[in-house]
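Colleague: Could you take me through one part of this model in detail? I would like to follow a helix, the helix it crosses and the sheet beside them.

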Amino acid sequence: MLRPFSDGLPEDLTTLLGEYQPHVLLTPGPTPIHPDATRAFLRPMLGHMDREVFALNREIQTDLRTMYGTVPEAFTALLAGTGSLGMEAGFANLVESGDEVLVCANGSFGRRMAEMAARYGARVRLVTAPLGEAIDPEDVAAHLNGVQMVAVVHGETSTGVLNPVREIADVVRQSGALLTVDAVTTAGMEPFLAEAWGVDYAYTGAQKCLSAPPGLAPVAVSERAFARFSARRTPNPSWYTDLAGLRDYWTDHNYHHTVPVNLHFAFHAALRAALREGLEERALRVRQMGRAIYAALAPLGFSHYVKRTQDRLPTVLALRLPEGLDDAGIRSQLRDRNISITGGLGPTAGLIWRLGLMGEAARPEPYRILLGTLEDLLGARGIVGRFEEAWQEEQRGQTLTTV
């Protein structure tokens, strides 16, 4: 076990941090950094080949297996980049020129998957759904012939849609294709069962559900995926993300590249905090928050952008705006008061707000601040009161069986 770092911040740093105005960050990522991660980040620097760093990395790998629901021997690691590097690494390692790749695209990040796969030479087929709707597993099943990989975004951040990964995995399993899952807005906030579902490659971003600093992409790789990688006809064109090189460092402790050690410290602390709370408990918390926020805003004319309850992504509350609300103007005024929320992306710009409910953002206090400020800006009293009433009702009815 690693020796603990001081519970407190150095006095001069505490003074420095006190000079900054508190900021309420309620975007779909990044999220507010967990206090344990902040403290851990400030540990004295160690070399990336230091034995204590290797010990820390082993603990991270073990905890990632728990978070992703893999088998005990599955390869897990942190890539030195954001979630998009995790996305790219999957295609770089597991796709060769001419491979048939089926991409489920019902938002911006599904489309990004398709673009990346094509850049690595794949013949990309698309299964689509209208914005605000989930991918239909039957559509996936109808296009699996000859496919080497299926790629899907679990939680489509751009629209607030939760795609049915478990059901998609069921149809993919019979085809022999690998399954790649973007778990950027799901893993770490609710149970993710890679082995039980049949997920071969999964990735997320440290700054999302785990509330760690940006700059790391946690990945999980199945033995089937490693076998596909080992059978490549050509070398991986990406040296930096090459699975053999990553395994050389993470498993055999040989030099590959310099990892961002202090980000590892911070990530380790944030992941431990999430697992201590429990993934089912976190899943319940985020759903309770989402229902309470909606109860507060619905009387003003806000409505769910995603119509079907089962298709709504719990960690990104996508709300259609009331007619006549000045989207950019209100968000700018909120930012003037040190509150950040996010509007729509691409086709949904000006149509929706996307409220982040990941990690430390999914707490009542920051949303009390947001809703109280909206009362002032919109001249609409009672928003906070409705939130408090709904939140208390959620607490009284709390049960993990509802997750």
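Modeller: What follows goes from the helix crossing to the sheet and then to the aromatic pairs. This is a predicted model, in which local features need pLDDT of at least 70 and side-chain atom pairs count only at pLDDT 80 or more, while totals for chains, interfaces and linings use all residues. Residues are numbered from 1 along each chain as its sequence is written, and side-chain values use heavy atoms, with hydrogens and water left out.

Helices (H or I, at least four residues) and strands (E, at least two) are DSSP runs numbered from the N terminus. The axes of α12 (residues 279-297) and α15 (residues 383-396) come within 8 Å and cross at roughly 145°; axes are lines fitted to C-alpha atoms, for helices over the stretch in contact, with angles from 0 to 180 degrees between N-to-C directions. The crossing is right-handed, a term for the near helix being turned clockwise from the far one by less than a right angle. On the α12 side the contact (heavy atoms within 4.5 Å) includes Met289, Ala292 and Ile293, and on the α15 side it includes Phe387, Ala390 and Trp391.

Phe387 and Trp391 are 4 residues apart in α15, about one turn of the helix. Both are buried, that is, under 20% relative accessible area with a 1.4 Å probe and protein chains only. Their rings form a stacked pair, 6.4 Å centre to centre with 5° between the planes; rings of Phe, Tyr and Trp (its six-membered ring) pair if their centres lie within 6.5 Å, and planes under 30 degrees apart count as stacked, over 60 as edge-to-face and the rest as tilted.

α12 also lies across β11, β12 and β15, running at about 20° to β12. The open sheet has 4 strands in the order β11-β12-β15-β14, with antiparallel pairing; strands pair if DSSP finds at least two bridges between them. β11 (303-304) and β14 (342-343) are at the edges with a single partner strand each, so one side of each has no neighbour in the sheet. Within the sheet, β12 (residues 316-320) and β15 (residues 352-356) pair over 5 bridges, and Leu317 stands opposite Leu355 in β15.

A second aromatic pair involves β15. Phe302 and Trp353 form a tilted pair, 5.3 Å centre to centre and 40° between the planes. Phe302 is in the loop between α12 and β11 and Trp353 is in β15, so the pair ties together parts 51 residues apart in sequence. Phe302 is buried at 2% relative accessible area, and Trp353 is buried at 1%.

Definitions and conventions
Buried means under 20% relative accessible area, exposed over 50%, partly exposed in between (1.4 Å probe, protein chains only).
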